[in-house]
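Dear colleague,

Please find below the structure I am handing over to you.

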Amino acid sequence: MVIMYERVWEGAAPGPDGTEWDLTLDFNEDTGLFRVCGALDGEAPQIHECADPVVSGLMARSEFDRPDSPEMMALIPPAPLEMQGRFVPFSSPDQIVSGTWRTPRDWPDARKGATVRELLFRRNDIVRLTDDVNPNRLAIMECSRILNGMYGDPSRWPRRAVDAVLRYPRGSMPGNRYRDPWLSGAMLPPEFSAAVVRAGSALAGRALGYRDAVYALSEKAKSDGLFIEQDWKNCFCVIPSVDAAQFIRELSEGDIVTLSLAACFSSFGGSTVELGDVRVDLKSAAWFRDMLQSENFLHGPLDGHALGKLQIGELEEYLVQSAKGLLHTAWTGAFLDGEYEVGPEGESDRVLISAKVVDEGDCMDERGLLQRSCSWVVVSWSKSEDVYHAELWQAPKYLANDRKSSKQAWRERDSTFDSFPSQFMPDMRTMSMAMDGSEPATFVNARYASDPDRLLKERSRKDAQGKTVPGTKVLKENLAKLDTKVIVDRKQGAGSRGQHV
């Protein structure tokens with residue numbers, strides 16, 4: 001399968017040591033991914049694929065951004081960029097993405113997967129760049145908005161996304177460990193110290209005491225190539241995890257649950273040796289049951305299958321943040337989404353070419369309450385009429401997800417044009433935009449922005465191709481039928497002619 005990339009931009013930029021790099025930026029609409037290539041004279045190019053070049057650290061956010069290391073290639077210059085081909089009307093990768101799909105729900109699976117992989121970078125950027133009083137809360141909300149835009153709700157998030165949003169890689173969450181710095185076993189629940197003894201004795205092939213069992217487990221960690229701190233005896237701990245789906249099922253039956261234990265020899269977590277499963281009477285079972293029944297799980301009961309196995313402390317954090325509503329931050333949708341398509345292959349009669357908020361203010365809704373309202377200028381093409389429509393809509397700024405946007409808005413003006421009304425096309429090169437989890441105030445269709453009348457040309461050409469032109473064989477058969485008909489007609493008409501006397 002050939003992966004087709006389109007050139008978006010190319011140019012040169014200085015690297016960390018001042019050397020000049022030749023750089024290119026390409027886009028693949030089938031996968032939704034960007035490709036960044038950089039090369040120095042006479043050297044093989046570096047090639048990187050990503051969902052967002054800025055978040056991935058391949059494109060500068062501002063003129064002051066520099067690569068983190070002298071060995072890294074130069075960065076794509078910051079927006080606005082002078083783009084090529086059909087992307088000439090645009091100036092940033094975000095504009096191309098928002099002009100190709102109305103919402104993250106429509107992104108190709110490859111783009112969704114890459115966005116999840118880059119989520120920790122995005123989260124760190126939000127925390128680093130915001131001046132919000134609670135940057136961690138803001139990061140959770142913004143990352144949740146994008147994830148819910150892609151997958152619907154937190155119960156459908158990939159497990160990797162949960163780790164990135166909560167920012168607790170396995171074993172690193174504070175309070176998630178049962179520490180035993182004196183290697184006595186007295187600091188651990190009896191089920192945990194017994195699991196340590198069983199696992200260590202199994203490795204040694206003979207019965208061991210608790211301390212010797214810990215040393216046997218440390219040798220196992222070394223042989224497995226795990227990172228072990230030099231003073232690991234001071235940070236040794238046991239980490240309990242649960243299979244979320246099994247855990248939820250067991251809690252519905254009582255307080256006895258299954259914990260999967262692992263011995264850890266690093267204060268950062270991650271370097272663990274599995275100890276096996278134990279059954280315990282969970283003292284916090286009632287709390288977990290109350291949280292699982294919380295009304296904040298708006299899409300029905302949590303079944304836990306998407307979460308897989310995770311530390312019990314991380315599951316607790318997941319439930320707490322969900323109860324606060326942070327994990328359910330919704331993508332705001334897109335105006336006229338589903339009613340106006342981005343391409344002619346959809347069921348809708350209208351293909352959206354551009355949309356722009358030209359005014360924002362307050363208006364009275366049907367309940368007599370004051371709410372924010374936007375004035376949209378929308379340009380679309382009608383497949384049935386072969387004309388362009390330029391409309392002025394008034395719509396709530398925050399649309400209800402369970403209703404069509406056209407049912408919540410009203411159209412004030414509608415004009416038609418035989419060719420594209422270019423006076424309504426927004427100048428995207430002057431628009432700063434980022435995919436931050438809400439609908440941009442300006443949309444330009446990336447398929448047709450460089451030549452909107454291409455729609456009519458493509459339509460006319462397809463209609464012409466749809467009309468069947470008979471080939472040579474068909475023409476000969478039709479002519480033969482016609483000759484036969486003429487001969488028959490002559491024979492039938494002979495008896496009806498007048499006779500000469």
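Predicted model: local features only at pLDDT ≥ 70, side-chain atom pairs only at ≥ 80, totals over all residues.

Four strands, in the order 1-2-3-4, make up an open sheet with antiparallel pairing. Its edges are strand 1 (6-14) and strand 4 (46-50); each has a single partner strand, so one side of each is left without a neighbour in the sheet. On average, neighbouring strands of this sheet are turned by 20° against each other, direction ignored. Strand 3 (residues 33-39) runs antiparallel to strand 4 and is joined to it by five bridges. Across from Ile47 in strand 4 stands Cys37.

The helix pair. Helix 5 (residues 159-166) packs against helix 10 (residues 312-323) at an angle of about 75°, and their axes are 11 Å apart. Because angles of 65 to 115 degrees count as roughly perpendicular, the two helices are assigned to that class. Helix 5 contributes Arg159, Val162, Asp163 and Leu166 to the contact, while helix 10 contributes Glu314, Glu317, Tyr318 and Gln321. Sorted by class, the residues of this contact are three nonpolar, one polar and four charged.

The single residue. Ser218 lies in helix 7 (residues 210-223). With a relative accessible area of 1%, Ser218 is buried, because the cut-off for that class is under 20%. Apart from neighbours within four places in sequence, Ser218 has contacts with Ile228, Trp232 and Phe265.

With kind regards

How values were computed. Residues numbered from 1 in each chain as written. Heavy atoms only, no water. Buried < 20%, exposed > 50% of the residue type's maximum accessible area, 1.4 Å probe, protein only. Contact = heavy atoms within 4.5 Å. Pairing = 2+ DSSP bridges. Axes fitted to C-alpha atoms, helices over the stretch in contact; angles between N-to-C directions. Parallel < 35°, antiparallel > 145°, perpendicular 65-115°, else oblique. Nonpolar A, V, L, I, M, F, W, Y, C, P; charged D, E, K, R; others polar.
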